[in-house]
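Please examine the sequence and the structure shown here.

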Amino acid sequence: MNKIDINNYKILEIKEIISETDSIKTFIFDWNMKELKIPKPGQFVMIWSFSKVVDEKPMSISFIDKVNNQIGVTVKNVGEFTNNLHNLNIGDRLGIRGPYGNGFKLKESDKDKTILAIGGGVGMAPIACFVEYAREKAAKVHVISASVTKSELLFEERLSKLGANIFTCTDDGTCGYEGFATHRTIDLLESNHYDMAVVCGPELMMEGTFNLLEDHEISAQFSMERYMKCAMGLCGQCCLDDAGWRVCVEGPVFSSEDLKKIKEFGKYHRDSSGSKKNF
């Protein structure tokens, strides 16, 4: 990438705001697919707010509509920056650059296969985007949608309309299977055959899921999260120890084979100062 890329912001109006849950909102923007880079499921954009909190954060793309030229990001209110986004209205503007990173891969030969898509919490954002893409390719998709409680489950109706089979699970048992995404995965693996899987959620959940899929010899792709500053592989903030890969460039989606080389996976990450933080 050249220097222009990092400064090539699009200042876009918020066209629609969808309140998914009490703490999660989806923001929709116009995106000219002919003039701008066409996003892929699993990629992310950098969102820059210049209202009360001037800052920039990476957000997974949760919605790609090539017909109506729109994209969306789904944001959980977890801190000052995201709280500021949640207080914005339709017509307000945000800076957006991207899309960045490697997304989920789906070959033409995969269109007749059965895919297991697993999302935990707001990790359902890139998963939902991938499921839409997979269904366009006529792939059969089973979706595990996991959350703490029923009111936090994401995109059930949206994905059901696509013909995906939805299997919910909640920590408190208020909807679907009572337990974690890993428990639901064990349940489905006992009664179904899957050709591949895609996973996004808390890293400890992904580590447990990785082990289960390995035991069943199912190839999978995992969307990882690390602290990012530039999103272009320049600052090195999101580098993974040992492997040396940059999550913003070589990721955020990594294959099962890649994860075997990432020793910090499921063990620790680094904060904005570079200090290790155990999961």
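**Briefing on the predicted model**

Glu 13 is partly exposed, at 29% relative accessibility; buried means under 20% relative accessible area, exposed over 50%, and partly exposed in between, with a 1.4 Å probe and protein chains only. The model is a predicted one, in which local features need pLDDT of at least 70, side-chain atom pairs count only at pLDDT 80 or more, and totals for chains, interfaces and linings use all residues. Residues are numbered from 1 along each chain as its sequence is written, and side-chain values use heavy atoms, with hydrogens and water left out.

**Salt bridges**

- A salt bridge is a side-chain nitrogen of Lys or Arg within 4 Å of a carboxyl oxygen of Asp or Glu, and the count by this rule is 16.
- Lys 15 is partly exposed, with a relative accessible area of 38%.
- Another salt bridge joins Glu 132 to Arg 158, their closest N and O atoms being 3.0 Å apart. This pair links distant parts of the chain, with Glu 132 in helix α3 (residues 124-136) and Arg 158 in helix α4 (residues 156-160), 26 residues apart. Helices (H or I, at least four residues) and strands (E, at least two) are DSSP runs, numbered from the N terminus.
- Glu 132 is buried, at 16% relative accessibility.
- Glu 250 and Arg 246 form a salt bridge through their side chains, at 2.7 Å from N to O. Salt bridges with shared partners also join Glu 13, Lys 15, Asp 30 and Arg 93 into one network.
- Both members of the Glu 250 and Arg 246 pair are partly exposed, with 26% relative accessible area for Glu 250 and 25% for Arg 246.

**Helix α3**

- The 13 residues of α3 should span 18 Å at 1.5 Å a residue, and the distance of 18 Å between its end C-alpha atoms agrees. The expected span is 1.5 Å times one less than the number of residues in the helix.
- Helix α3 is mostly covered, since 10 of its 13 residues are buried. Among them are Met 124, Ile 127, Cys 129, Phe 130 and Glu 132.
- The cover over the buried residues of α3 includes β5, β6 (70-76), β8, β9 (140-147), α4 and β12.
- Ala 138, which follows α3, has a positive phi near 70 degrees.

**Helix α6**

- Helix α6 (residues 203-215) has 13 residues and reaches 18 Å from its first C-alpha to its last, close to the 18 Å expected.
- The buried residues in α6 are Glu 203, Met 205, Met 206, Thr 209, Phe 210, Leu 212 and Leu 213.
- These buried residues pack against β8 (114-120), α5 (181-191), β12 (196-200), β13 (219-223) and α7 (256-259).
- Just after α6, Glu 217 has a positive phi of about 55 degrees.

**Cysteines**

- The structure holds zero disulfides, a disulfide being a pair of cysteine sulfur atoms within 2.5 Å. Cys 200 is in no disulfide, and its nearest cysteine sulfur, in Cys 129, is 12 Å away.
- Cys 200 is buried, with a relative accessible area of 9%.

**Single positions**

- Ser 145 lies in strand β9 and is buried, at 1% relative accessibility.
- Contact means heavy atoms within 4.5 Å. Not counting residues up to four places away in sequence, Ser 145 touches Gly 119, Met 124, Leu 153, Leu 154, Phe 167, Thr 168 and Cys 169.
- Asn 278 is in strand β16 (residues 276-278) and is exposed, with a relative accessible area of 66%.
- Beyond its neighbours within four places in sequence, Asn 278 is in contact with Lys 267 and Tyr 268.
- Asn 278 and Tyr 227 are 51 residues apart along the chain, and their C-alpha atoms are separated by 14 Å.
- Val 54 lies in the loop between β4 (44-49) and β5 (55-65) and is exposed, at 58% relative accessibility.
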